[in-house]
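Good morning, colleagues. Please bring up the sequence and the structure, and I shall then take you through several local features.

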Amino acid sequence: MDTFLLYCLKMITCSAVMYAYYLLFLKDKTFHHYNRFYLLLTVVISVSLPLLKLSYFTIDVNPKLIFLFQNLQSTENPINHGITIYQIFYAVIGLVSVVLIAKLVIGLIRINHIKKSFPHEELQGIKFYQTNLDEAPFSFFRNLFWKQSIQMESAVGQQILKHEMVHIEQKHTWDKLFMQIMKSVFWMNPIFYIINKEINLIHEYLADNKAVKRSDTKAFAQMLLESHFPGTTLPATS
């Protein structure tokens, strides 16, 4: 079997096993911080573990047998100068990855353009932008993009502000950016898409939980009732 194809199968299997453990033992628990880092670690381990060589567990083999085996392989597999199925496979993998990376880069460029297009105020290292965007309010690293039609002094505005501040304080943008890159490079792994959705959900649990603790639940419920989502989001934003 081709080396890269074998790597992909190992990566998918590893992520599937670790995510299955999450579903069975962790998903319904309330320790969201632990779940957040477990899922991120799942992606890291799935990508890196298949690359490890277990040389310590190998046995010594007679060099003559190795030489004989290599000669048999060279005679049974003549050199093919035409296009192979593996070359087509690599081309598809690379093309899709480039398109997804390009889409991510374009999204990041758009965020940078938004930052230049609207005025902002800086408070305690956080930049507040007043915008008229349908996607707003949203946060990106230590940037908070606000919608002008939402009164920040209102009960809903205060709840949204507290919610977004949790995303900023807990550095959720790093998680989102990391997962966007992983999904773009290893797009052939469907488990990464499931993990990405679960991490986003955990982010919202964390933000909602802390926002509710800072104020009454009635104002929080009002925010949920009055909030609406445009259906389109910028990459790596909360």
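Where in the chain is the place of A236? A236 sits in the segment after α8, the helix of residues 217–226. This is a predicted model, and in it A236 has a phi near 65°, a positive value in a residue other than glycine. A236 is also buried, with a relative accessible area of 3%.

A second residue of this kind is K171, whose phi is positive, about 55°, although K171 is not a glycine. K171 belongs to the loop between α5 (155–169) and α6. A further backbone feature is the cis peptide bond from A136 to P137, with omega near 0°. P137 is found in the loop between β2 (126–131) and β3 (138–140).

I turn now to the confidence of the model. The protein chain has an average pLDDT of 84, and 79% of the residues score at least 70. Among its elements, helix α6 (residues 172–185) has the highest mean pLDDT, 97, while helix α3 (residues 63–76) has the lowest, 56.

How do α4 and α6 pack? Helix α4 (residues 85–117) and α6 pack at an angle of about 155°, their axes 7 Å apart. The two helices are therefore roughly antiparallel to each other. By class, their contact has seven nonpolar, three polar and one charged residues. From α4, the residues S97, L100, I101, L104 and L108 meet L177, Q180, I181, K183, S184 and V185 of α6.

Finally, helix α2 (residues 32–48) has 17 residues and reaches 24 Å from its first C-alpha to its last. Its buried residues include Y38, L39, L40 and V43.

Technical notes. Residues are numbered from 1 along each chain as its sequence is written. This is a predicted model: local features need pLDDT of at least 70, side-chain atom pairs count only at pLDDT 80 or more; totals for chains, interfaces and linings use all residues. Side-chain values use heavy atoms; hydrogens and water are left out. Helices (H or I, at least four residues) and strands (E, at least two) are DSSP runs, numbered from the N terminus. The expected span of a helix is 1.5 Å times one less than its number of residues. Buried means under 20% relative accessible area, exposed over 50%, partly exposed in between (1.4 Å probe, protein chains only). pLDDT is the predictor's confidence in each residue, from 0 to 100. Axes are lines fitted to C-alpha atoms, for helices over the stretch in contact, and angles run from 0 to 180 degrees between N-to-C directions. Angles under 35 degrees count as roughly parallel, over 145 as roughly antiparallel, 65 to 115 as roughly perpendicular and the rest as oblique. Contact means heavy atoms within 4.5 Å. Ala, Val, Leu, Ile, Met, Phe, Trp, Tyr, Cys and Pro count as nonpolar, Asp, Glu, Lys and Arg as charged, and the others, Gly among them, as polar.
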